[in-house]
Amino acid sequence: MERVVNFLKDAGTYYLATVEGDQPRVRPFGTAHVFEGKLYIQTGKVKDVSKQIHANPKVEICAFKDGVWLRVAGTLVEDDRREARQSMLDAYPSLQGMYSADDGNTEVLYFKDATATFSSFTGAPEVIKF
Ligand SMILES: Cc1cc2nc3c(=O)[nH]c(=O)nc-3n(C[C@H](O)[C@H](O)[C@H](O)COP(=O)(O)O)c2cc1C
C-alpha cells in the first residue's frame, strides 16, 4: 500500500472515475494520504464527484509515471471523524485556503476492498490488494 500511495504522490495527478447512472465520469485529483493504515482521498461535498460517490461508492483511479500506469479499483468509504479530515489538511497545507475540518464541506474517504494494478508495456502486471 505504501508503494501505491508513493506512486500516486510521485505522479502528482491521478484521474478518478466514478459512475453516474450508466455514464462514467472522470476528473483529475491529487490528494492521496495514509491515515491509520488506509489510503484516503479528499473532496468537497458540494461537488458532483462527491454526490456520485455517495450514490455509488465503487470507483477507479489511474495514474501514469515513467512508463508505468497504476489503476486502483475499490469502494470509497467516508470517514466523518474530524481527526481524519484534519490529518488530510495537515498533509496538504495548500488545501487549507479552501477547506477546513469543520466547514461542513470537506470530506475524506478511504479505499476499502482495493485492487491496485501496476502495468507497463514491458512486464507482467503486478497486483496488490489492500
Ligand atoms: C491537478 C489537479 C488535482 C486536483 N485534485 C483534487 C482533489 O484531490 N480533490 C478534489 O476534490 N478536487 C481536486 N481537483 C479539482 C477537481 O478535478 C474538480 O473540482 C472537478 O471538477 C471535480 O469533479 P466534478 O466536476 O465531477 O465534481 C483537482 C484538480 C486538478 C487540476
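A: Helices (H or I, at least four residues) and strands (E, at least two) are DSSP runs, numbered from the N terminus. This is a predicted model, in which local features need pLDDT of at least 70, side-chain atom pairs count only at pLDDT 80 or more, and totals for chains, interfaces and linings use all residues. Residues are numbered from 1 along each chain as its sequence is written.

The ligand is surrounded by 13 residues, where a residue is near a molecule if its C-beta atom, placed from the backbone, lies within 6 Å of it. The closest are Gly30, Thr31, Thr43, Lys47 and Asp48. Strand E2 (23-29), strand E4 and helix H2 (48-55) each supply at least two residues of this shell, and E2 gives the most, with four residues. By type, the shell divides into three nonpolar, six polar and four charged residues. Here Ala, Val, Leu, Ile, Met, Phe, Trp, Tyr, Cys and Pro count as nonpolar, Asp, Glu, Lys and Arg as charged, and the others, Gly among them, as polar.

Strand E4 (38-44) is also one of the elements against which the buried residues of helix H1 pack; contact requires C-beta atoms, placed from the backbone, within 7 Å. Those buried residues of H1 (2-11) are Val4, Phe7 and Leu8. A residue is buried if 20 or more other C-beta atoms, placed from the backbone, lie within 10 Å of its own, exposed if 12 or fewer, and partly exposed in between. On the other side of H1, Glu2, Arg3, Asn6 and Asp10 are exposed.

The chain as a whole has three helices and eight strands.

Terms used
Two residues are in contact if their C-beta atoms, placed from the backbone, lie within 7 Å.
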